[in-house]
Amino acid sequence: MARKPVETTSEMPFGDPKHAARATRSAGRKMRSSLLDGASRLFKERGLAGTSIAEIAAAADAFPSQITYYFRTKEALFVEAACRDMLYVAREAERAALKADTPRDYTRALVESVTATDSVAFFAEALTLTRRRQDLAPLVERTIERLHGEGLRAYAGQIERHGWNTLRDPDATSRRFWAVAIGVMVEGYAMGRSPDELCGEMLRVLGEQATTKPAGDSAHLRLVGEHDASRSSSSEAETSS
């Protein structure tokens, strides 16, 4: 009886180490994403204390050991899931606001998208958690900076596109928007307010962000750092004189 030929390394599936590494990374990303999806849903429904690692693993068709492998702790998974959800909300809000033709419609589109989900309140819980777990703070800090940076780019792009006159520095406007959103949502959830009530309150607090009146030469759009740089130059000129 003839012996079955031995399969060589080059004939074996994933024989190429680079191919195998890519496949492993792809599988890892898919598993992490599944765990984050399941965790996000359960954490929003039951909170951190009310959700077990076993339940998250079951929701993602995974093993509990895979959660500790990818995230180390349930708290770390909670924070990462909240940060990811927050960035998703911001992206969808900016997409919805791109259709706006006026500053008021732009702000309303952003606010309606943000208040239609509980992801902001979820993120606020992650912020609170990092007060006791400083090892988790860097992820939150990176998420906040990304929110501000992408919000600034989107807002500045709309101003340039439509020729609006912004009433505040664009960077300050972006940071103020998310500070107001988190504050209003946390307070609103504590008081049992509906999404419509949250939307109305957030619009009231934000007020006007910009006008359709064309900006004059003295009120041109200034991005981050330009305002401080011009102020510094003026101070140096006064000092030298």
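Analyst: Happy to! In this predicted model, the largest cavity is lined by Glu94, Tyr106, Thr107, Leu110, Gly151, Tyr155, Thr173, Ser174, Phe177, Trp178 and Gln209. Two or more of these lining residues come from each of α5 (103-115), α7 and α8 (170-190).

User: Which element gives the most to the lining of the largest cavity?

Analyst: The lining divides into five nonpolar, five polar and one charged residue. Four residues of that lining come from the top contributor, which is α8.

User: What volume does the second largest cavity have?

Analyst: A search of the whole structure turns up two cavities of 30 Å³ or more. The largest cavity has a volume of about 130 Å³. For the second largest cavity, the lining is made by Ala90, Arg91, Glu94, Leu147, Glu150, Gly151 and Trp178, and its volume is about 40 Å³.

User: Which element supplies the largest share of the lining of the largest pocket?

Analyst: This pocket has a volume of about 230 Å³. At least two lining residues come from each of α4 (74-97) and α7 (137-162). The largest share is six residues, and the element supplying them is α4.

User: How many residues of the lining of the largest pocket are charged?

Analyst: Among the lining residues are Glu80, Arg84, Leu87 and Thr143. Sorted by type, the lining of the largest pocket has four nonpolar residues and one polar residue, and the number of charged ones is six.

Technical notes
Residues are numbered from 1 along each chain as its sequence is written. This is a predicted model: local features need pLDDT of at least 70, side-chain atom pairs count only at pLDDT 80 or more; totals for chains, interfaces and linings use all residues. Side-chain values use heavy atoms; hydrogens and water are left out. On a 1 Å grid over the protein atoms alone, a cavity is a set of points where a 1.4 Å probe fits but cannot get out, and a pocket is an open set with protein on both sides within 12 Å along at least five of seven lines; lining residues have an atom within 4 Å of a point. Grid points are joined across faces, edges and corners, and a volume is the space filled by probe spheres set on the points. Ala, Val, Leu, Ile, Met, Phe, Trp, Tyr, Cys and Pro count as nonpolar, Asp, Glu, Lys and Arg as charged, and the others, Gly among them, as polar.
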